[in-house]
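Let's take a friendly walk through a structure and look at how its two ligands sit in the protein. Keep the picture open beside you as you read.

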Amino acid sequence: MQAPIAASEFILNSRGAVYHLDLRPEELAPTVITVGDPDRVEQVSRHFDKVEGIFRHREFVTHTGYIGSKRLSVVSTGIGTDNIDIVLNELDALANIDFTTRQVKPALTRLQIIRLGTSGALQADIPVDGLVVSSHGLGLDNLLPWYEMESTPAETALLEAFSSQVPLRPGSARPYLAAAADSLLPHFREGFHTGITVTCPGFYAPQGRALRGKLSHPALLEQLTAFRLEDHHITNFEMETAGIYGLGRVLGHDCLSISTIVANRIRQEFSKDGAAAVQKMIGTCLGIIAGMNY
Ligand SMILES: O=P(O)(O)O[C@H]1O[C@H](CO)[C@@H](O)[C@H]1O
Ligand SMILES: O=c1cc[nH]c(=O)[nH]1
């Protein structure tokens, strides 16, 4: 018989809800949209036909509701893969741990987890306000080395090519890579640029931005832009995708990341109305998600 998971490891609050997200299993839908900015949650749920629950704890805001007969939750993650560690583990617990017995359920549920975020483009031909869907997340943030993650031979080949084409300063990162869910990616082709998304442990030096702090890796942007393996290239930078894809692999969920490009780092441009572009992404993607027969 499976031992219950201890109170210090699987933490429930006085409402019987999971520690950071403050959600109970019945309050989460099987299709989950993640956004970084807590204010973006309402910008998504305003498209719902019905909102049945609103939950908030720290930066984690969740709205659960329906578009037609499709039940969806939208959850804010805040910034960075340290938060993704919390959100993905707690979403998985909501789906796959029995909150009464504290045991893993015998039949596991695969969630669909779709990030709608913002990002910086690394190719001159990806315009600001354009949309990128991440074929892969390549993490420079060091979250996934703390887990056992299996890679496919194709993922290993991409990672090896990355390590030889983008030599990092020793000790700065242990890159990892995971692909998007095959079940989700094909729905987001028309109108989307597709490529590898690099997930960074910061917005400034880890994305090659120098204000006053001197960069230890000044060639980063140039090397990422030039990376090629067969028809694979790096499209963009952000701060969550690889963590979502990697933990999705570890925990058995189907994940996809979509970004509105707010900065083009090669052309040195920033969107004049990023908020409008994000609104457009939300409308487009919800239309696709609502129509997906999943
Ligand atoms: O707009 P969101 O979804 O937060 O995504 C991007 O924006 C934040 C940085 O400004 C990081 O979280 C990055 O991944
Ligand atoms: O350049 C950018 C823009 C949005 N988010 C990022 O992480 N980087």
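## The residues around ligand 2

How do the residues of the shell around ligand 2 divide into nonpolar, polar and charged? There are four nonpolar residues, four polar ones and two charged ones. Bear in mind as you read on that this is a predicted model.

The residues around ligand 2 are Thr118, Ser119, Gly120, Phe203, Gln207, Arg209, Glu238, Met239, Val262 and Ala263. Two strands, β7 (112-121) and β13 (254-264), each supply at least two residues of this shell. Of the elements, β7 gives the most, with three residues.

## Contacts and cover for ligand 2

In the side chain of Gln207, an N or O atom is 2.8 Å from a nitrogen atom of ligand 2. In the side chain of Arg209, an N or O atom is 2.6 Å from an oxygen atom of ligand 2. Taken alone, ligand 2 exposes 230 Å², and the protein buries 93% of that.

## The residues around ligand 1

Next, turn to the other ligand. Around ligand 1 you will find Gly36, Arg40, Ile79, Arg115, Gly117, Thr118, Phe203, Glu238, Met239 and Glu240. By class, this shell has three nonpolar, three polar and four charged residues. Here too a strand stands out: β7 provides the largest share of the shell around ligand 1, three residues.

## Contacts and cover for ligand 1

Which atoms of the protein lie 3.1 Å and 3.0 Å from an oxygen atom of ligand 1? At 3.1 Å there is a backbone N or O atom of Gly36, and at 3.0 Å there is a backbone N or O atom of Met239. Arg40 takes part through its side chain, where a polar atom lies 2.7 Å from an oxygen atom of ligand 1. Taken alone, ligand 1 exposes 340 Å², of which the protein buries 85%.

## The pocket that holds the ligands

Where do the ligands sit?

The largest share, five residues, comes from β7. By class, the lining of the largest pocket divides into seven nonpolar, six polar and six charged residues.

Terms used: Residues numbered from 1 in each chain as written. Chains lettered and ligands numbered in written order. Predicted model: local features only at pLDDT ≥ 70, side-chain atom pairs only at ≥ 80, totals over all residues. Heavy atoms only, no water. Near = heavy atom within 4 Å. Polar contact = N/O pair within 3.5 Å; in protein donor to acceptor, adjacent residues only side chain to side chain. Areas by Shrake-Rupley, 256 points an atom, 1.4 Å probe, with all protein chains shown as cover. Helix = DSSP H or I, 4+ residues; strand = E, 2+ residues; numbered from the N terminus. Nonpolar A, V, L, I, M, F, W, Y, C, P; charged D, E, K, R; others polar.
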